[in-house]
Amino acid sequence: FNNPNQLGYFSVCVMSFAYIFYQLDKINYLELFVVASLSVLLSILSLSNAAMVPNFLIYFFVIIPKDKRLVYDYWIGIIFFILVICFYQFFLNGLEQFKFFHRISSMFSQHDASLAVRGYFAFLDAPPYAWVSGLGVRQVVDIVGHEVHSTIFGVLNNYGLVGLLLISIVFGDWSYRIWRAFGLNGLICIAAGPMLYGLTHNGIRSSLFWVLFAVSIAAASTINENKNCQH
């Protein structure tokens with residue numbers, strides 16, 4: 001990996017892959033738990049807020065077991081985990097010693113936290129006609145000094161409203177297919193991580209995202225076809 005954010009994004013995508021393979025019975029629950037936990041660990045090692053926050057939020061959705069006999073154990077484990085973290089922090093002040101805790105707690109005070117610094121509004125410095133077709137990558141870099149650190153706003157600035165409309169259709173269809181096949185929890189586990197990462201970084205220039213995109217659509221199509229055959 002060229003930088004920590006790439007490692008972090010890798011961990012986010014691996015989390016989504018783990019959920020898909022578990023739902024397709026390609027891995028068992030123990031393997032899901034191990035891979036999802038390693039994904040969280042990789043995001044912590046990367047110290048990337050863009051990766052840690054999605055992984056922390058999605059992890060407990062990903063490891064929900066399909067087997068109803070394990071659901072009770074799952075909730076006992078979650079409650080125990082929360083109690084341990086609370087005890088460790090409030091009685092031992094333990095989280096303060098970890099770098100990742102400082103990274104997350106200072107997330108909104110960092111110099112690059114503002115949307116303007118991330119290049120969200122580069123298009124406002126362009127003539128109105130450029131809002132339709134976009135500025136292009138080179139002109140965005142000339143204005144901001146770097147690429148737009150956002151998936152959706154990167155498309156808007158580079159390719160204008162036309163590009164934004166097209167990518168919205170693509171992502172909308174993707175989300176609908178996942179929702180039909182895996183339900184709301186599946187949509188959260190597969191799509192929410194990369195899209196949350198995309199709030200502060202351009203995730204769609206990574207080939208791994210498009211592999212995840214293709215695999216999730218193929219998996220959703222298989223599940224939806226099986227549902228139709230059963231009816």
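Modeller: Happy to; what follows is a walk through one group of aromatic rings. Please keep in mind that this is a predicted model. The structure holds 19 aromatic pairs. One of them joins F171 and W174, whose ring centres are 5.9 Å apart with 50 degrees between the planes, a tilted arrangement. Both residues belong to helix 8, which covers residues 151–197. They are three residues apart there, about one turn of the helix. F171 and W174 are both buried.

Now let's follow W174 to its other partner, F209. Here the centres are 5.7 Å apart and the planes meet at 85 degrees, so this pair counts as edge-to-face; the cut-off for that label is an angle over 60 degrees. While W174 sits in helix 8, F209 sits in helix 9 (residues 207–230), so their contact ties together parts that lie 35 residues apart in sequence.

How buried are these two rings' residues? W174 has 0% relative accessibility and therefore counts as buried. F209, at 1% relative accessibility, counts as buried too. The reasoning rests on a cut-off: buried means under 20% relative accessible area.

Stepping back, ring pairs link F171, W174, F209, W210 and F213 into a cluster. So the tilted pair of F171 and W174 and the edge-to-face pair of W174 and F209 are both part of that linked group.

One more ring may interest you: K66 lies over the face of Y22, 4.9 Å from the ring centre.

Terms used: Residues are numbered from 1 along each chain as its sequence is written. This is a predicted model: local features need pLDDT of at least 70, side-chain atom pairs count only at pLDDT 80 or more; totals for chains, interfaces and linings use all residues. Side-chain values use heavy atoms; hydrogens and water are left out. Rings of Phe, Tyr and Trp (its six-membered ring) pair if their centres lie within 6.5 Å; planes under 30 degrees apart count as stacked, over 60 as edge-to-face and the rest as tilted. Helices (H or I, at least four residues) and strands (E, at least two) are DSSP runs, numbered from the N terminus. Buried means under 20% relative accessible area, exposed over 50%, partly exposed in between (1.4 Å probe, protein chains only). A charge sits over a ring if NZ of Lys or CZ of Arg is within 6 Å of the ring centre and within 35 degrees of the ring normal.
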